[in-house]
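Colleague: I would like to learn how to read a model of this kind, feature by feature. Please begin with the nonpolar cores.

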Amino acid sequence: MPGQWHTLTGGEVARLLAVDPAQGLGEKEAEARYREVGPNDLPRQQGVPLWQMFFHQFRDFMVLVLLAATAISGLLGEYADAVTILLIVVLNAALGVLQEYRAEKSLAALQKLTAPEARVLRGGMEKKILAARLVPGDIVLLEAGDRVPADLRLLQAAQLEVEESILSGESMPVRKDPAVAGSGAGEHRNMAFMGTMVTRGRGRGVVVATGLATAMGQIARLLAGTQQESTPLQRRLAQLGGYLVAFCLLICAAVVVLGVYRGAPLYNMFLAGVSLAVAAIPEGLPAIVTVVLAVGVQRMARRQAIVRRLPAVETLGCATVICADKTGTITQNKMQVRQVVTAGGTRAEITGQGYEPRGRVKLLQGREGRDWQLLMQAAAICNNALLKKGGLSIGGFFRSRAAGMADGWQVQGDPTEGALLVMAARCGYWREKLLQPEDVLAELPFESERKRMTVLVREKTGPVAYTKGAPDVLLELCTQVCRGEQIVPLTDEIRKEIIQQHSEMAAAALRVLAFAWRPLPSGEGEYSPDTVEREMVFLGLAGMYDPPRPQVSGAVALCRRAGIKTVMITGDHSLTAQAVAQEIGLLGRGDQILTGQELDRLSDQELSARADKVSLYARVSPQHKLRIVRALQENGHVVAMTGDGVNDAPAVKKADIGIAMGQSGTDVTREAAGMVLADDDFSTIVAAVEEGRGIYDNIRKFIRYLLSCNVGEVLVMFVAVLAGLPLPLLPMQILWMNLVTDGLPAMALGMDPYDRDIMYRPPRRPRESIFAGGLGWRILGSGMLIAAGTLLIFVLAWYQTHQLDLARTMAFNTLVFFQLFYVFSCRSEHHSIWEVGLTSNPYLLLAVGVSTALQLLVNYVPLLQRLFHVVPLPAAQWGLILLVTALSLLLGTVYKMLQKRLREKIMYLRV
């Protein structure tokens with residue numbers, strides 16, 4: 001019945017789809033339906049087939065010119081040369097296909113890492129599955145910030161609003177109602193459609209359509225074929241490649257012209273010039289950059305940092321400030337209620353293990369009166385968490401995420417609500433004993449702007465509202481207070497007393513929530529915050545402790561060494577936040593604390609002036625985060641900002657590196673973010689920064705290697721022709737060398753382990769050139785050294801033996817082994833090969849080993865000797881070649897050791 005689901009009641013839809021709304025589908029039934037209907041996905045652009053990739057390698061102008069020259073060789077009767085060059089071109093194309101294929105597969109793997117998920121009921125248990133595995137009949141749970149994963153007929157809704165602009169073009173959210181909407185066109189308020197976004201409230205619905213059968217499936221062409229964007233570095237390297245092509249063509253043309261001018265045959269010089277150009281242009285650079293970025297991103301994923309956009313990888317290495325939420329990111333988000341203070345003066349400590357509902361309640365002052373009873377009822381009833389052990393469940397009628405498990409008891413839902421549910425259970429107040437699901441009249445869900453939540457229930461005396469939220473917010477809504485058994489007016493003196501109690505609990509690093517209650521008149525109209533949350537009765541406070549994550553202190557200290565400022569942001573009281581900040585070593589000398597109220601009084605210019613000194617923002621709302629990001633960026637910082645809620649999305653998107661929470665975050669925030677933390681852990685951000693720096697270092701390594709080798713090759717030919725010498729290398733030797741030295745070693749270098757002290761350096765400037773830090777001079781110097789050594793060997797052999805084939809063989813092998821030795825010097829810009837460790841990159845050892853074996857085959861297999869015009873070399877000549885070529889590694893090692901001594905001396909003098 002496609003398109004008519006909105007005309008049926010929820011019960012009718014459930015019967016038609018053969019599903020129990022309270023249990024969901026069983027796993028076997030869901031799997032059977034999946035096999036029948038297929039994945040809940042829209043068609044995507046297909047990848048390029050391998051055969052197309054292969055032929056794309058021959059679109060390059062220089063390769064086409066080389067193929068034309070090969071054809072001319074054949075026509076002139078030089079069949080051996082023609083076949084040899086053709087084989088090398090084909091092998092080069094195969095290597096190019098390997099690089100492109102790996103890059104494509106790596107990017108496809110990244111897309112899988114960020115595949116959308118959905119929360120469903122399967123066999124009565126809530127679980128998170130890939131949205132692609134949804135089938136008709138699945139019961140899906142929605143909350144603010146989720147992207148609707150399929151077309152749903154809604155069964156329940158609490159203040160549920162969905163933004164449907166992707167379908168309707170209207171930006172205003174639509175208020176949803178599970179009631180039957182009728183058959184009028186466009187009347188689908190009881191439906192939620194795939195791809196739309198939940199902006200408020202929560203609900204549940206049954207899947208009625210998936211994939212191309214959804215409303216979104218009708219516009220699938222507009223959504224298919226999205227591609228991973230290139231990074232600024234990739235774009236700069238593409239531009240650099242253009243300059244290199246022009247420069248190499250100019251040099252190669254000069255080689256051809258000079259050679260012909262000195263009497264060399266035009267055909268030979270033309271073929272040599274084209275071969276040199278093909279070898280000198282680093283055509284594999286873009287593919288290797290993509291591979292290194294993608295492999296690095298997958299390495300980040302293993303460390304729980306999932307990158308959604310490649311530019312975030314590059315930006316990570318430039319981060320100067322990390323703004324992190326306290327709850328769940330810096331702390332464990334495993335709340336335990338430690339202390340309760342009622343408005344009547346009763347004070348108690350709550351103890352227990354994990355989520356075990358049995359514990360000890362130690363009364364320190366007063367007794368358990370009406371205020372105690374109402375506070376515990378509010379904690380249990382104004383709550384959407386679930387407390388489970390086996391088949392037993394205690395708690396909410398809507399649902400959410402698993403927060404953890406201890407002693408067999410598991411909390412599903414918000415950890416704060418879970419802590420309150422456990423506290424109430426330990427005190428003997430079980431929600432199932434207090435009311436039935438049908439007694440819930442309405443819910444006013446928690447929102448970051450309101451900082452409170454209200455549940456309205458039907459009791460024997462009539463409708464009652466239970467509210468929990470921030471103490472300062474709830475106090476403003478209360479006009480009375482429950483003291484013992486009596487309800488009395490909330491006087492200024494009592495208000496000061498409550499504020500003092502709040503301050504004392506916050507100073508003890510407790511996160512404090514307040515509770516209020518109000519009986520409502522019977523027959524009141526629509527329940528809304530304005531009509532319900534006023535003239536309430538204040539009940540008391542509960543103080544919870546959320547311990548910092550074990551690794552956070554070390555991560556904060558590492559950030560300080562790396563030149564990165566850590567800023568903690570929280571909606572908690574400043575005293576609570578300050579206690580946590582001091583525990584993790586966040587606050588240093590001169591660091592300031594700013595509250596949301598103080599921030600509101602500052603202009604943007606005043607905030608920018610203070611932003612560099614503030615390390616802790618307390619009592620702030622998500623809207624404040626956007627101002628904080630802007631203020632830091634105004635001061636020239638590269639800002640990483642975390643977020644989880646819907647209202648965090650603007651700040652996350654504005655930040656240079658937006659970071660969403662994988663466990664507690666919403667789909668809206670994940671869409672805006674460049675990176676997602678799978679474990680919500682602050683130390684994972686620091687690990688991602690380290691990976692970002694390492695990836696950039698590895699890119700610089702193979703750029704240094706490729707360009708140095710190419711400079712050496714070009715200079716060998718150019719200087720030889722300029723000096724009137726015979727050509728040191730033949731065209732097929734140049735092409736073979738390009739195949740052996742540029743491909744595998746460069747790719748292996750891109751997977752090199754990072755320097756151990758990479759987080760002891762200051763952040764890189766965002767607009768810094770890839771050749772910064774003297775890299776350009778090192779490339780030029782190394783290229784000149786390679787060229788000088790090769791020409792020296794060639795000249796010595798030529799003048800001593802007057803055997804051109806022998807001299808060329810020695811020059812050919814010298815240039816190859818120069819590059820194979822030099823690759824080890826490129827493994828670190830700061831440390832010698834002995835400090836890095838010769839065996840720490842087995843891929844590089846394998847690549848160099850394969851390249852060496854291939855080069856030796858050319859030298860000693862008779863057929864290959866004839867094709868490449870080489871002769872066998874005696875041991876003495878090999879000794880000379882290895883002695884000279886090892887010079888690059890030796891000089892590089894000595895230079896780095898002297899550089900290290902100089903750095904240590906400078907640091908000693910500073911101390």
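Modeller: A nonpolar core is a set of buried Ala, Val, Leu, Ile, Met, Phe, Trp, Tyr and Cys residues joined through side-chain atoms within 4.5 Å. Buried means under 20% relative accessible area, exposed over 50%, and partly exposed in between, with a 1.4 Å probe and protein chains only. Here the largest nonpolar core has 109 residues, and Phe682, Ile699 and Tyr705 have the most contacts inside it. Helix 26 (residues 682–722) gives the largest share of this core, 18 residues. A second, separate core has 34 residues, among them Val340, Ile350, Ile381 and Val457.

Colleague: What kind of model is it, and how are residues and side chains treated?

Modeller: This is a predicted model, in which local features need pLDDT of at least 70 and side-chain atom pairs count only at pLDDT 80 or more, while totals for chains, interfaces and linings use all residues. Residues are numbered from 1 along each chain as its sequence is written, and side-chain values use heavy atoms, with hydrogens and water left out.

Colleague: How many helices and strands does the protein chain have?

Modeller: Helices (H or I, at least four residues) and strands (E, at least two) are DSSP runs, numbered from the N terminus. The protein chain has 34 helices and 29 strands. Of its 911 residues, 56% are buried.

Colleague: Which residues does Tyr705 touch?

Modeller: Contact means heavy atoms within 4.5 Å. Leaving out residues up to four places away in sequence, Tyr705 touches Thr741, Pro745, Ala746, Leu749, Gln819, Tyr822, Val823 and Cys826. For the protein chain, 73% of the contacts with a separation of 6 or more are between residues 24 or more positions apart.

Colleague: How do I read an aromatic pair?

Modeller: A pair of aromatic rings is described by the distance of the centres and the angle of the planes. Rings of Phe, Tyr and Trp (its six-membered ring) pair if their centres lie within 6.5 Å; planes under 30 degrees apart count as stacked, over 60 as edge-to-face and the rest as tilted. By this rule there are 3 aromatic pairs. One of them is the stacked pair of Tyr705 and Tyr822, with 6.4 Å centre to centre and 20° between the planes. Tyr705 lies in helix 26 and Tyr822 in helix 30 (residues 804–825), so the pair ties together parts 117 residues apart in sequence.

Colleague: Are Tyr705 and Tyr822 buried or exposed?

Modeller: Tyr705 has 0% relative accessibility and therefore counts as buried.

Colleague: How is the length of a helix checked?

Modeller: The expected span is 1.5 Å times one less than the number of residues. Helix 29 (residues 775–801) has 27 residues and should span 39 Å, and its end C-alpha atoms are 39 Å apart, which agrees. Helix 23 (residues 622–634) has 13 residues and reaches 19 Å from its first C-alpha to its last, close to the 18 Å expected. Buried residues in helix 23 include Pro622, Leu626, Val629 and Leu632.

Colleague: What should I look for in phi?

Modeller: Most residues other than glycine have a negative phi. His802, which follows helix 29, has a positive phi near 55°. His802 lies in the loop between helix 29 and helix 30 and is exposed, with a relative accessible area of 55%. Arg619 also has a positive phi, near 55°. Arg619 is in the loop between strand 26 (614–618) and helix 23, and is buried at 17%. After helix 23 comes Gly636, with a positive phi near 90°.

Colleague: How do I read a polar contact?

Modeller: A polar contact is a pair of N or O atoms within 3.5 Å; within protein, one must be able to donate a hydrogen and the other to accept it, and residues adjacent in sequence count only if both atoms are side-chain atoms. The side chains of His831 and Asp757 are joined by a polar contact of 3.1 Å. His831 is in the loop between helix 30 and helix 31 (833–836), and is buried with a relative accessible area of 16%. A polar side-chain atom of Thr196 lies 2.6 Å from the backbone oxygen of Phe193. Thr196 is in the loop between strand 6 (191–192) and strand 7 (197–209).

Colleague: How many disulfides are there?

Modeller: A disulfide is a pair of cysteine sulfur atoms within 2.5 Å, and by this rule the count is 0. Cys382 is buried at 0% relative accessibility, and Cys478 is buried at 4%.
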